Amino acid sequence: MKLVPLGDRVVLKQLEAEETTKSGIVLPGQNKEKPQQAEVVAVGPGGVVDGKEVKMEVKVGDNVIFSKYSGTSVKLEGDEELIIVKQNDILAVIE
């Protein structure tokens, strides 16, 4: 199944929380709060939304930081969890 966002919506795949010790051992972040970082997997066409022209400023593959309580979580087949947010819920692009 493939999600195709409409309007100014963006589909995100949340990045896993990991912590690395000083010696280089990676600890999975199961008990930690999920980070608000995600990878963009699909971008809507933009256009006129609510009477305003919207230009999409993110692209597929960008790593972004998004608002903590924004978006709608969607589970796809294979337990893949994605988040659909409006573009204005994305706070920054990580370069």
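Buried means under 20% relative accessible area, exposed means over 50%, and partly exposed lies in between, using a 1.4 Å probe and protein chains only. This is a predicted model, where local features need pLDDT of at least 70, side-chain atom pairs count only at pLDDT 80 or more, and totals for chains, interfaces and linings use all residues. Residues are numbered from 1 along each chain as its sequence is written, and side-chain values use heavy atoms, with hydrogens and water left out.

View 1. Follow the sequence along and you get the pattern β-β-β-β-β-β-β-β-β-β. Helices (H or I, at least four residues) and strands (E, at least two) are DSSP runs, numbered from the N terminus. Of the 95 residues in the chain, 28% are buried. The accessible surface of the chain comes to about 6,800 Å², and 49% of that belongs to carbon and sulfur atoms. Accessible areas come from the Shrake-Rupley method with a 1.4 Å probe, and for residues only the protein chains shown count as cover. Now for contacts, which means heavy atoms within 4.5 Å. Take the contacts with a separation of 6 or more: 62% of them join residues 24 or more positions apart.

**View 2. Strand β1 and its partners β9 and β4.** Two strands pair if DSSP finds at least two bridges between them. Strand β1 (residues 9–14) pairs with strand β9 (residues 81–86) in the antiparallel sense, over four bridges. In this pairing, Arg9 stands opposite Lys86 in β9. Strand β1 also pairs with strand β4 (residues 37–43), again in the antiparallel sense, this time over five bridges.

**View 3. The largest nonpolar core, with 13 residues.** A nonpolar core is a set of buried Ala, Val, Leu, Ile, Met, Phe, Trp, Tyr and Cys residues joined through side-chain atoms within 4.5 Å. The residues with the most contacts inside this core are Val10, Leu12, Val40, Val58, Val64, Val85 and Ile90. At least two residues of the core come from each of β1, β4, β7 (63–66) and β9. Zoom in on Val85 and you'll find that its contacts include Val10, Leu12 and Ile90, along with Ser70 and Gly71.

**View 4. Val40, a residue of strand β4.** Val40 counts as buried because its relative accessibility is 0%. Val40 touches a run of residues from Val58 to Asp62, namely Val58, Lys59, Val60, Gly61 and Asp62, and its other contacts include Val10, Leu12 and Val64. Val40 and Val64 are 24 residues apart in sequence, yet in space they are 7.3 Å apart, C-alpha to C-alpha.

**View 5. Val58, in the loop between β6 (52–54) and β7.** Val58 sits in a loop, and with a relative accessible area of 9% it is buried. Leaving out residues up to four places away in sequence, Val58 touches Val10, Val40, Val43, Val64, Gln87, Ile90 and Val93. Val58 and Val10 are 48 residues apart in sequence and 8.5 Å apart in space, C-alpha to C-alpha.

**View 6. Gln87, in the loop between β9 and β10.** Gln87 is buried, since its relative accessible area is 13%. Among the residues that Gln87 touches are Val54, Lys55, Met56, Glu57 and Val58, and Asp8 and Val10 are on the list too.

**View 7. The two salt bridges of the structure.** A salt bridge is a side-chain nitrogen of Lys or Arg within 4 Å of a carboxyl oxygen of Asp or Glu. One of them joins the side chains of Asp8 and Arg9 (3.6 Å, N to O). Asp8 is buried, at 8% relative accessibility, while Arg9 is partly exposed, at 34%. Another salt bridge links Lys59 with Asp62, with the closest N and O atoms 3.1 Å apart. Lys59 is exposed, at 55% relative accessible area, whereas Asp62 is buried, at 12%.

**View 8. A nonpolar patch on the surface, formed by Ile65, Leu91 and Ile94.** Together these residues have about 250 Å² of accessible area. Patches are made of residues with over 30% relative accessible area and no salt bridge; like charges are joined within 9 Å, and nonpolar side chains (Val, Leu, Ile, Met, Phe, Trp, Tyr) within 5 Å. Leu91 lies in strand β10 (residues 90–94) and counts as exposed because its relative accessibility is 59%.
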